[in-house]
Amino acid sequence: MNKQIRALLGLSFGHFNIDLYAAILVPLYPVITAKLGINLASISLIIALGHLVSSMMQPLFGYFADCLRHRVFMVWGLVLSSVFIPLAIKTNTVFLFLACLLTGMIGNAFFHPQVSALIKDFNKNNPNLSRAMGIFLGLGTIGYAIGPYVATLVYKLKNEDGLLYLIIPGLLSVIFMYFFVPRMPEKDCYIKENFFVIIKEILKNKTCVFLLLISTIKSAVSISFGTYIPFLLQNKGFSLQQTGLIVTLFFISGGLATIVSSKFEKKLGAKGVIVLSFLTILPLTIAFLITLNYSRILSCFLFILSGFFILLSVGVILVEAQNSIQKYTGVISGFMQGFSWGLGALFLAPLGVIGQNFGVDKILILMSLIAFIIGIYTLKRKSL
């Protein structure tokens, strides 16, 4: 097996695992909210802070990864996430919950910029880069999808204590990645510029800035749908296990979309994929909410289908951004996967207040409408 294939398989396996841990809390937020004695607005603020702190650090970690060229970020990122996120379930105070959540999310921030850059580095001059990136991102999304169902299943069987057993497979996957993923490939050049000089150069690139904007909106939609749908479904009488399964299928649908996005790109182009992705969210969300009171099966199908289109353009956006400034793959990956995710998470604080006062369904409609407006704007642009 050549290095290119080993790298893709090993890094995608690690991405699957770390994103699984990032999602195991999602269906348990109502349980955690009740346990800590806080309301929807408060838990939204805590979740937003966790995403914000870790995600905003990703460009910096990407810079260090580009400079140092060691696999330490890949290894320790997965260690911190697989240990501290399950521990967060066992905490009994808001402070301890936040501390464990932040530590686990920082591990997530360690991991993503380096491995995303490595996918591109190992596929240098490979015309199938978009397909490789789609597989890598798609398996991460599928891991994120499976996380909620795994969490609800373990919680049903063993309650909170059982979730601590999830630490074990995470640590085993670290060992596997360390020995399976090849050593760092040689680059044409290594970063020597100051971090802030690089940031200034990136922000001067109009294409990169626009891609950061749409990546932020995409992240905000994905985060808000994944965070608030458990509250909506449980209010409608869905069980914890049913909710976990629906969230899982929603993100699996998105993961499959990411894997096949390169096929859509060949037919529609990068801009076409982005427009299709953003314009379809609103009608699917409205249809989901309308049918929720009449047909659970149809409404859940529509919600799961919306996951496909929400995440269809993720890989396309990342590859386009990396190609816009090819020298700083780690930093660019940190911006598109981390920084944009943190900016998207900022929406949670005001959205939590909206949901508390007007209902969770209003959150889904608002975010879908914002995505629709961005889709129209993208369509009218001459190019990305």
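Q: Which residues do ring pairs link into a cluster?
A: In this predicted model, the cluster joined by ring pairs consists of Y144, F225, F250, F251, F288 and F303.

Q: How is a pair of aromatic rings described?
A: One gives the distance of the centres together with the angle of the planes. By the pairing rule applied here, the count comes to 16 aromatic pairs. Take F61 and F73: their ring centres are 6.5 Å apart and their planes lie at 40°, so this pair is tilted. F61 belongs to helix α4 (residues 58-68) and F73 to helix α5 (residues 72-89), so the pair ties together parts that are 12 residues apart in sequence. F61 and F73 are both buried.

Q: What geometry does the aromatic pair of Y144 and F251 have?
A: The pair of Y144 and F251 is edge-to-face, with 4.6 Å from centre to centre and 75° between the planes. Y144 sits in helix α7 (residues 129-163) and F251 in helix α11 (residues 240-279), so that distant parts of the chain, 107 residues apart, are linked. Y144 and F251 are both buried.

Q: How many helices and strands does the protein chain have, and why is it called as compact as a globular protein of that length?
A: The protein chain has 17 helices and 0 strands. Its radius of gyration is 20 Å, close to the 21 Å that the globule rule gives for 384 residues, and therefore the chain is as compact as a globular protein of that length. Of those 384 residues, 59% count as buried, and among contacts with a separation of 6 or more, 86% are between residues 24 or more positions apart.

Definitions and conventions. Residues are numbered from 1 along each chain as its sequence is written. This is a predicted model: local features need pLDDT of at least 70, side-chain atom pairs count only at pLDDT 80 or more; totals for chains, interfaces and linings use all residues. Side-chain values use heavy atoms; hydrogens and water are left out. Helices (H or I, at least four residues) and strands (E, at least two) are DSSP runs, numbered from the N terminus. The radius of gyration is taken over C-alpha atoms; the globule rule is 2.2 Å times the number of residues to the power 0.38. Buried means under 20% relative accessible area, exposed over 50%, partly exposed in between (1.4 Å probe, protein chains only). Contact means heavy atoms within 4.5 Å. Rings of Phe, Tyr and Trp (its six-membered ring) pair if their centres lie within 6.5 Å; planes under 30 degrees apart count as stacked, over 60 as edge-to-face and the rest as tilted.
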